[in-house]
Amino acid sequence: MRQAPATPARVTAAAPSPGLADVWAHPLLRCLLQGQSARQRLDQRHPWVLDTAVVLAVALLSLPDLLSSSRHGPFGDPTEHGHWPVPVRVAFTAALVVPLWWRRRTPAVTYGMISAVLLAQWSLGVWQQSGMAALVALYSLALHGSLRVLAWAAALTAAELVLAVGLLAPVEHPFFGLFFLMGTLTAAIAIGLTLRIRRLYLAALEDRAARLEIEQDQRVRLTTAAERTRIAREMHDIIGHNLSVMVSVADGAATLATNRGETTADALRILADTGRQAMSELRRVLDVLREDQDDERLLGPQPRIRDLDPLLTRVRAAGLPVTYRTTGDLDTLGSGVQLTVYRIVQEALTNSLRHAGPEATADVTVTRDTATVHVKVTDSGTAAGARSGDAGHGLVGIRERAAMYGGTVTAGPPATGHGWVVDVVLHVPAGDHQP
């Protein structure tokens, strides 16, 4: 039942499963994930910034091949790239780098273009740093593209690497070269898939949090409706009783006025007839509220403040020691106010029985001032944390009942010590007293 005063919903993401813990803790992945939120916000506002940055980064890493005339290849083998003029090498670099600008929008097409250029370059015996564009394309395909296309792309790239190292552009250390190239290929695909899984995982958490928030809101609405219906049924008994008294008094006064020949007899009969009509309408409303509860009595006595003593006796028998103090003249309060006080104490003590623990004690204080009734229920339990997240119906009912009298409700752990406090202040009109 208990929950802390209403606060904005806060969603806490669940920790990754143990199987993924080692993956999230990897230094490389942790480096990639640092500041990801800021990058995502910037990327959503200006997606072209990241695309352009990737193109420029790969282009800058390719500058040594374009500016140097060294014929030393990547794996200790003199290559043929020095025989090709600079414009040809620049053309190959541009053909590999520029398609990266579309790597997120069309990852499969981008990979296909880069793969074709690489195959043509290796056929001419040229190795360049710009070939890393294929790794970026594979990473983007793993992160944004179709998994089926990714499988074909990975197989095609592996075949191209074997063909290049073995036939098209042979190197001095083929096994070392092939191992290195296959490792970087696997790493690019693995990082892309890991980030893709994490993105899907976070999206699932956000969706689940949104659904839980909607379900919680629906439960609160249904609980509030049920409590209001219950309050309406209980208040009907009180209003029906008072109307019956009014009608009986009006009928008696009308009869007495007729016997005495007084002119007020007709007005008193109209008053009695109006009261009977009001009772009839009230019963029709109650029939609607009780359409699924035909076994309940239409009218019945509702508990009052004097019924708190038997209630506290039952609570003490259940194992919760309770002290009870009152201040002021409570017996003259109206039936509705007394019923509200009784239900507030009942709900608060029920919650204490559920959560306070075996060694707890409770204290109930009901105080009446000139225009207010102050109800305070405290316990010395130690389960405040569990009660603050409880989604029961008790606090909803307390708030709905207090709202009828313009009251305020404060529920939560005390400022010092352990336990729980339910503090309710009801504003009682001057005329709301027991007839």
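## A look around the predicted fold

Not counting residues up to four places away in sequence, Val-322 touches Leu-312, Val-315, Arg-316, Leu-349, Ala-362 and Val-364, where contact means heavy atoms within 4.5 Å. This is a predicted model, so local features need pLDDT of at least 70 and side-chain atom pairs count only at pLDDT 80 or more, while totals for chains, interfaces and linings use all residues. Residues are numbered from 1 along each chain as its sequence is written, and side-chain values use heavy atoms, with hydrogens and water left out.

Back to Val-322: this residue lies in strand 1 (residues 322-327). Helices (H or I, at least four residues) and strands (E, at least two) are DSSP runs, numbered from the N terminus.

Buried means under 20% relative accessible area, exposed over 50%, and partly exposed in between (1.4 Å probe, protein chains only).

| Residue | Relative accessibility | Class |
|---|---|---|
| Val-322 | 6% | buried |
| Arg-103 | 5% | buried |
| Leu-163 | 34% | partly exposed |

So what does Arg-103 join through a polar contact of 2.8 Å? The partner is the side chain of Ser-140; a polar contact is a pair of N or O atoms within 3.5 Å, and within protein one must be able to donate a hydrogen and the other to accept it, with residues adjacent in sequence counting only if both atoms are side-chain atoms. Arg-103 sits in the loop between helix 6 (86-97) and helix 7 (107-123). Leaving aside neighbours within four places in sequence, Arg-103 also has contacts that include Leu-50, Asp-51, Val-54 and Tyr-139.

Leu-163 belongs to helix 9 (residues 147-168).

Now the strands. Strand 5 (residues 420-427) pairs with strand 3 (residues 372-379) in the antiparallel sense over 8 bridges; two strands pair if DSSP finds at least two bridges between them. Asp-379 has Trp-420 of strand 5 as its bridge partner. Strand 4 (residues 408-412) runs antiparallel to strand 5 too, joined by 5 bridges, and Thr-410 is bridged to Asp-423 in strand 5.

Zooming out, the protein chain has 15 helices and 5 strands. Of its 435 residues, 38% count as buried. Among contacts in the protein chain with a separation of 6 or more, 73% come from residues 24 or more positions apart.
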